[in-house]
Amino acid sequence: MNLAEGVQVVSFGILAAMMIGAALGVVLFSNVVYSAFMLGGVFVSIAGLYLLLNADFVAAAQLLIYVGAVNVLILFAIMLVNKRQKFVPFPTAWVRKVLTAVVSLGLFALLSTMVLATPWSHSTATPVGDPIVVIGQHFFSDFLLPFEVASVLLLMAMVGAIILARREYLPEQIVPSELPQTVLTLPERPRELVSAGSEEKL
């Protein structure tokens, strides 16, 4: 084993330990915000493993999409809807814990059996010159329909998030407008009332 292989093995061990520790933190922390931060650690560890496999584009996409978008979105959703309330202990809560432990151990045993039974071998294939070009060609040829469907779904989610974020609800003391309201529409506070209310607070 030369120096490069030794560094690769050590890096793999560090990233694997960090990923397993962060994954355990996701399920063991009682605070949901801490669990979301640990999930970001899992994503970063996976990106490091992609780098060890010479998949630099996939590692960058992992950081940009999962850490920079999905994990931040989860944190914002938790912070916006996190209601402080006392959890009432259920008398049969131990049954859920036992079932969760059994399912987790079963999945761990299944994955361990798959890893040990798979004949792993080093690939001797020559890597392509520019993997980003190859990925782009596959996106716009073989996987064009799933790519376009995913882009439309993301666009719909973005438009819905903007509409919900810009909506202002009427306070209780303000009489609703005389415009007809349907089931799918929500009353909105006029802009002049919003500015007047902000000035009064100042």
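Is Tyr34 buried, partly exposed or exposed, and what is its relative accessible area? In this predicted model, Tyr34 has a relative accessible area of 46%, so this residue is partly exposed.

**View 1. Phe29 and Tyr34 as an edge-to-face aromatic pair.** The count of aromatic pairs in the model comes to four. In the pair formed by Phe29 and Tyr34, the ring centres lie 5.9 Å apart and the ring planes stand at 70°, and because planes over 60 degrees apart count as edge-to-face, the pair is placed in that class. Phe29 is partly exposed, with a relative accessibility of 41%, and Tyr34, at 46%, is partly exposed as well.

**View 2. An aromatic cluster of Phe139, Phe140 and Phe147.** These three phenylalanines, Phe139, Phe140 and Phe147, together make up one aromatic cluster.

**View 3. The second largest pocket and the residues around its centre.** The volume of this pocket is about 790 Å³, and its lining is made up of 19 residues, among which Ile65, Ala69, Val70, Ala150 and Leu154 lie nearest the centre. By residue class, the lining of the second largest pocket holds 17 nonpolar and two polar residues, while no charged residue takes part in it.

**View 4. Helices that line the second largest pocket.** At least two lining residues come from each of helix 3 (56-81), helix 5 (131-139) and helix 6 (144-166). Helix 3 provides the largest share of the lining of the second largest pocket, with nine residues.

Notes:
Residues numbered from 1 in each chain as written. Predicted model: local features only at pLDDT ≥ 70, side-chain atom pairs only at ≥ 80, totals over all residues. Heavy atoms only, no water. 1 Å grid on protein atoms, 1.4 Å probe; cavity = no way out; pocket = protein on both sides within 12 Å on 5 of 7 lines; lining within 4 Å. Points joined across faces, edges and corners; volume = space filled by probe spheres on them. Helix = DSSP H or I, 4+ residues; strand = E, 2+ residues; numbered from the N terminus. Nonpolar A, V, L, I, M, F, W, Y, C, P; charged D, E, K, R; others polar. Phe/Tyr/Trp six-rings, centres within 6.5 Å; stacked < 30°, edge-to-face > 60°. Buried < 20%, exposed > 50% of the residue type's maximum accessible area, 1.4 Å probe, protein only.
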